Structure formats: structure tokens, C-alpha cells
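The sequence and the model come first.

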2 protein chains.
Amino acid sequence: MNVPSGGPASQAGMRRRNLALVLRTVAERGPLSRASVANEVGLTRAAVSTLVEDLLAAGLLAELGPERSQRGRVGRPGSALRLAAGRSAPVGLGAEIGVDHLAVCAVDLRGAVLAHVHEETDNRGRPPSAVVGRLAELAAKLTEGLDAGGPPAGLAVAVPGLVGDPADGVVARAPNLDWTEEPVAAPLRDRLGGLPVTVDNEANLGALAEMWLCRPPGVRDFLHVSAGIGVGAALVMDGRLRRGARGFAGELGHVPVRPSGPVCSCGARGCLEQYAGEEAVLRAAGIDPAEAARQAGPAGRVRLLAERARRGDGRVRGALVRAGTALGIALAGTVNLLDPAAVVLGGGFAEVAPWALAAVQRELAERLPARGVPRLLEVSVLGREGPLLGAGNSVIRGIVEDPVGYWESRAR
Amino acid sequence: MNVPSGGPASQAGMRRRNLALVLRTVAERGPLSRASVANEVGLTRAAVSTLVEDLLAAGLLAELGPERSQRGRVGRPGSALRLAAGRSAPVGLGAEIGVDHLAVCAVDLRGAVLAHVHEETDNRGRPPSAVVGRLAELAAKLTEGLDAGGPPAGLAVAVPGLVGDPADGVVARAPNLDWTEEPVAAPLRDRLGGLPVTVDNEANLGALAEMWLCRPPGVRDFLHVSAGIGVGAALVMDGRLRRGARGFAGELGHVPVRPSGPVCSCGARGCLEQYAGEEAVLRAAGIDPAEAARQAGPAGRVRLLAERARRGDGRVRGALVRAGTALGIALAGTVNLLDPAAVVLGGGFAEVAPWALAAVQRELAERLPARGVPRLLEVSVLGREGPLLGAGNSVIRGIVEDPVGYWESRAR
């Protein structure tokens, strides 16, 4: 059953696929000589050389040595290939609309961050068009100021809500922003000169960042949990993000933890978010969420919890243990259903992990006695930066996985 | 990102892929003329004719008309192609090792059942080698007695337990049979003259049967729930079964429903199986499971519940409502995580659906107010026959999805 489904195989499709294979191989294992690429991918040196010429001409590959290869000269061991960088190479723009901030970054083909801007602001009170307008300004300014890297190939935006189809770029529902059916991609595209724009859920992009930047290429099944004001998750199975039938998969925050528990904003009872969401933890710790936002800024509330826990505040520590316990119960069910190779805790969780992680681990160990829990659970090193990095890298990955699609779109 | 990953594209790979595409097209939409196949798959008539000749020669396709096509004569509108049947066409053998029965069936390339044998027996008390030995006898006898259909292409076995890799065919754990690390494929292969044998979890094969036999080709994301003595589930995402990192996905029966509930056989507390598993329902209805098995036979216990519920037995009806409520809670979490297009209730559930389905629906409607629950939930028409049919059809699908793999394995 190794035969891929889809349309018929053709000469053009074969070339397209092999160009992507060569580019991906250099991206994952470069710098590599042509001979090494041929060896890695299982094509002849002559075939690889022709493909490499096309990728050099498109500005996607570059040679480490000073001189350019001449068409037809193959197998020179010295001229190692790497992904292109510098003024003519494409960059990807990533952006994030948070409940309490806006951010934009530019990454090069290798995923290196070339520039970055972050603005704290309470987006809950502002009309969506003002938020999107300000994001367009930040993206335009960042692009103008870039002194490395060529023209942006596209923009991907992370949002704290549900998006049915990233290419449509409409936010179906973002409860913490109070947005419903809000078009985000179209107005950005208009304001950025027709630049291709996609929009995706922050947890999805955080998971992709984790896979691309932090996982060895072999790890292809994991669950990425993104705890912030809400609690989201994203599923990577067989190396691909699984969005579900309508694009709404990963709503870990609304998994029932105690079926007769408190009523949630979604209308159900006892959802995980009522125990492990940021506002629920603040309330359980005896802290008024609005008051905490006034004191510490909306982005500072998790830091506030971490500080008080560090100072030994018993109520805060108790609330974090309660959150970890609830997260452990929900994750036990999730692991039983999905059998992931790893569960990665990202988002704001990293900052409070010292006080909550043991409770998560205890629940998992009690509920999954045969699953090898200690190896299962990890805390992301990307933390809150995951969604933004995932957004920028998703533009770049789109090019690496289908270079022909990229240059066809440039020609239009 | 439409470029498939994997090895390099080559001429041989292209032919292999296009042979599968032609065969699959006839399987899904046949009978079809060569011209219609060319039209459907987007290849030229000449290319399709060459591929069709290979598939006719291999005994996988046949023509509806009496005369065989001659090589090079293309486009005759009258000679419609269909999947081969009869004495020279391959058949697939499917088998099931149940807690209380053994079964074997033979299906032809079109999925039609040619023969079928079922034996009630309590497999819990018998050594695994005796169970596997008896299954080999049944399979050999069924094959000898086949008067339609050619040689078996392989055997697939459904088991009520976890299987890491179907090709290895080792049952890692089957709690209701009390089997651990039990090799099943190897002894069957030895006793059946080297026939290729795979082994898979019954819920997985039930889900595949549902997808192949009951779903329109467009439905590619659904959850299949298989309630019997245990409660299992299988995930189909993007048209493929998702087995998880170790092959243990789908353990719906051990999703925590009430975190402080009764201790389960797995060691955790409040698992769904403690409310919706067959033995739990019997006990909640005041019926001793062992006594019920003596009265009605092990396979008759669900029928016993259904009869008593039909006659108005209040305790039985109450137990089924309690089971449906627990199932609804676990499914609410699952739908939040996976966003399936449908949740199909299969296995023994169909027989008790009249008394349990409303409770499942009520929980889902209360917990998923925005998800369109009435359209989400379905009861499988395959019921208990799903795993056996899925096993037989998985052999046949293996041929249809990679005919070159099939004839290469015959040549060895």
C-alpha cells in the first residue's frame, strides 16, 4: 500500500517531485555536494545536476564555493550546495495576533530569524479591522527595514481561534478576542500589495514550529499542547498536521475533565479550560484576572503566577497543581486515543512547569501504567515564540516542499 | 504542499502508480470502457490501453464482452472493464479471533463474500496455540471448498487486542483473551503453506470495512467506535487509518469519564469501559456476566440485554442509558480533539442502539453546542460483521492499491 493516491503520474509531476526532493534533502542535511545529494535521494548524478541547475537559477540553492557551476559539469566534489540566503533569496513573514500583543518576524530559507517586532496591546477592546490594519503596518515596516533577504514570498498569521481553511484566512471563532467569521487574510493581502497570506490557529503553528525546529526528522507523531488564556492542542500524525474534517481539531481545552464540573464559556460543563486555562488558574489562586492584567499587563499574568509560586505562595501553587492534575486527566484520554510518540507542553506552560509538571506526570503515570510516561512528556523550548516561528517557517516550508509551485506563483 | 514525500520519482514508480490508479478507478466506478478510464484518470487512451493489458494479463481486470482485446487496439467503446472474478482471480481471506468465536470468510476482488464459516467457542480458556491451530484448520477447509475464485492472495486476521505492526502479526496485549506478546501471523503462515498473513485490531478492521463498504469516497475523516466486551475505536483521517506511534491508538475504552470512578482492569480509574463495556452494563443491570454467558452463550449476552430492554426491563434500560451517557462524555472529548466528519457506532452497539443512542446524543448536544451533533452520529449497518469483512477486504485492497506489489510477491 505504498502507492500514493491522487492524480496520474506524469513527466512534469515527476520533475516537480524530484525538484522538491533535492531541495528538501539540502534543507535537512546540507551543505551537500551534488554527489552526496544523488546518493541520499537515489537518483543519478546527471539527473541531480539538472535539477540543481534549476534550483540555483530560481535563487533557492546556492554554492558554498565562489564560482558557479557550469551546466553539464557534474560531480565536482568541492562545490557544496546550501539553501540560498542574502538579498536575492526569498524570505517568509510570520505574524501573530495575540489577545494582548501583535508580532511580526522575517525568516530566511534556512529558518533563521532576520528581523522581529513585538508590540504589547490589548486587542480585546479593539475592532478587528484596527487590529488587522496595525498588523499590516508592522509587516510593511519590517519588510522595508530588512537589510538581508530578498522579497517576501508570503505571510502566515497565527491567531488564537479556529480557522477552517488557512488559505481562506477567515477566523471562524476566536472567543478570547470575541471575533466571529472575521476575514483576516483578504484585508492583509490588499494592504500588502497582493502578497500571499494564510491564517492558522496558533496551536497548529506552534506544533509545526516544534516539528520543524526541535524534533529529529524521525519523530512524526506527537501532540503539542499550547496553554495560554485558553488551552489548545495540535496533532501531528505521520508528519502532517491533522486539522480534522472542518479544521477544528485540537480543542483540548473543551475535553470534559469532570463531567459535572463548572459551566464553561463553550456551554459545556467541566471542560479542561475551567481548570487549566489562565483565567481559571488565576481565580483558583485568589487573583482577580482583570486586576492582574492591570498590575502586570495582559501578557504578564503567567509571569505573575510564576513569581508568586517561586516565592512560595500556597494558593498559587495549589492552583497550578490543580491545573496540572486536570491537564493530566485530559491527556490520559488523549494518549489512549492517539498513541503519540510525545506530548510536548508549549505556550505559557513552560513558565509554570516547575509547579505543574509533577501533577501532570502523576496523573499520566496512574492512568497509563503501561505507556512509559516519563519518556512521553516534554516541555517545549520554544515556549511562547512557537506560533510566530511556526508562521514564518510555514511560508519557507511551502517553498521547500514545492519549489515549482513557488516559482509558478512568482510568474503570475 | 501537494508534493508527496518519499523516494524519488522514477519511470518504474510512475508505471506502478498509474497501474494502481487504473485498477482503483475500475474498482470504484466500473464497469468502464478504456476511454472512460482515460477520461477519469487524466491519461491518454494509448497509455491507459497499455496499462489495461498488463492488468488483464495479471488476471486482475476482465472484460464484460466475450472477446479479449488485442494489444494495440484501443478505444473500442463496447468492451467495458470490470474487476476480475471467477476461478483465476485472486480472493482475499479474512478471519476473526473473538473472545467467544472464530470466523473465516473469502471475498473476491469486488468485495463480494464467496464463502463464510463461523464457530462459537469460548477462547478465553484455551491455549493461544490451540486457538490459532483451529483457525488455520477452518481457513484451510474454507479454501479447499471454494468453487468460485482462484488462489487466496493472503489472510488478514482481526483480534480483540493491540497489535503494533500488522505485518509482524504479534498480539501485544489482548486483555479479554489474557494474551500477551502472542505471535499469530507466523504460525498461521507456517500452517497455510507460506500464505501472506497480517493481524490487526478488530476496531481498526471494522473501521476500514466501514470506509470501504459503507462510506461515499469523499468521507475521509471519521471515528469508528466498536463496542463489545471491551470498547475500542479507530481513527480514519485523510482516508487512512491512523495507528499512532506504536500502533496503539483508538483506546477509547480507557478514556477517563469520571476521574474518581471505579478501578478498571487497566489500573486506571473511571475509564469508559467501566460504564459502557459489556460486562459493566450487565453488572449495572443486575445480571451476573458469567451466569449470562452460561444462559445465552458468550456471544448472546448483548442479545440478552436487547431482549430484556425490549420487554421493558427497567434495570437493563437504566444500565444502557448510563452506558450511553458515559459514551457521550468520552465522545464529546474525542470530537473536540479530532473534529471527525462522522462518528460511527459499530460492533454490538447496533443491537442496543434503541435504548442507548438518545443518551449519547443528549450528552454530545449539551457538550458540543456548535458542532451539528445530529448529523455527526451514525449507527453502522455492518454491526458485528465489520471486523471480519474488513479483514477480507484489506487483502483485496492491498492488491487494488498496489497491483505490482501483488504480482511481484506471486513471482517470489
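Is Arg15(A) buried, partly exposed or exposed? Arg15(A) is partly exposed, with a relative accessible area of 41%, where buried means under 20% relative accessible area, exposed means over 50% and partly exposed lies in between (1.4 Å probe, protein chains only).

## Basis of the values

This is a predicted model, in which local features need pLDDT of at least 70 and side-chain atom pairs count only at pLDDT 80 or more, while totals for chains, interfaces and linings use all residues. Residues are numbered from 1 along each chain as its sequence is written, chains are lettered from A and ligands numbered from 1 in the order in which they are written, and side-chain values use heavy atoms, with hydrogens and water left out.

## Arg15(A) and its partner

Arg15(A) forms a salt bridge with Asp54(A), at 3.1 Å from N to O. A salt bridge here is a side-chain nitrogen of Lys or Arg within 4 Å of a carboxyl oxygen of Asp or Glu. The pair links distant parts of the chain, 39 residues apart: Arg15(A) is in helix 1 (residues 11–29) of chain A and Asp54(A) in helix 3 (residues 45–57) of chain A. Helices (H or I, at least four residues) and strands (E, at least two) are DSSP runs, numbered from the N terminus.

## Other salt bridges

Over all chains, the structure holds 36 salt bridges. In chain A, a network of salt bridges links Asp122(A), Arg124(A), Glu278(A), Glu279(A) and Arg301(A).

Two pairs in chain B lie within a helix. Arg134(B) and Glu137(B) form a salt bridge whose closest N and O atoms are 2.7 Å apart; both residues are in helix 4 (residues 128–144) of chain B, three residues apart, about one turn of the helix. Arg134(B) is partly exposed at 24% relative accessibility, and Glu137(B) is partly exposed at 42%. Arg294(B) and Glu291(B) meet at 3.2 Å, N to O, and both belong to helix 9 (residues 289–296) of chain B, three residues apart, about one turn of the helix. Arg294(B) is exposed, with a relative accessible area of 62%, whereas Glu291(B) is partly exposed at 33%.

## Strand 3 of chain B

Strand 3 (residues 91–97) of chain B is mostly covered, with seven of its seven residues buried. In a regular strand the side chains alternate between the two faces of the sheet. Here Val91(B), Leu93(B), Ala95(B) and Ile97(B) point one way, and Gly92(B), Gly94(B) and Glu96(B) point the other way.

Strand 3 of chain B pairs with strand 6 (residues 152–159) of chain B in the parallel sense over six bridges; two strands pair if DSSP finds at least two bridges between them. Within this pairing, Gly94(B) is opposite Ala156(B). Strand 3 of chain B also pairs with strand 4 (residues 101–107) of chain B, in the antiparallel sense and over six bridges. Gly92(B) has Val107(B) as its bridge partner in strand 4 of chain B, and a hairpin of three residues joins strand 3 of chain B to strand 4 of chain B.

Strand 4 (residues 101–107) and strand 5 (residues 113–120) of chain A run antiparallel and are joined by seven bridges. Val104(A) stands opposite Val117(A) in strand 5 of chain A. The two strands form a hairpin with five residues between them, and Gly111(A) in the turn has a positive phi of about 90°.

Asn393(A), in helix 14 (residues 386–401) of chain A, is buried, with a relative accessible area of 4%. Leaving out residues up to four places away in sequence, Asn393(A) touches Val107(A), Gly111(A), Trp212(A) and Leu213(A), contact meaning heavy atoms within 4.5 Å.

## The interface of chains A and B

In chain B, 66 residues are in contact with 66 residues of chain A. The chains bury about 5500 Å² between them, 56% of it on carbon and sulfur atoms; buried area is the accessible area (1.4 Å probe) that two parts lose on being put together, summed over both. Four salt bridges are counted between chain B and chain A. Arg242(A) forms a salt bridge with Asp238(B), with the closest N and O atoms 2.4 Å apart. Helix 1 (11–29), strand 12 (231–237), strand 13 (240–242), helix 11 (314–338), helix 12 (349–367) and helix 14 (386–401) of chain B each supply at least two residues of the side that touches chain A. Helix 1 of chain B gives the most to that side, with eight residues.
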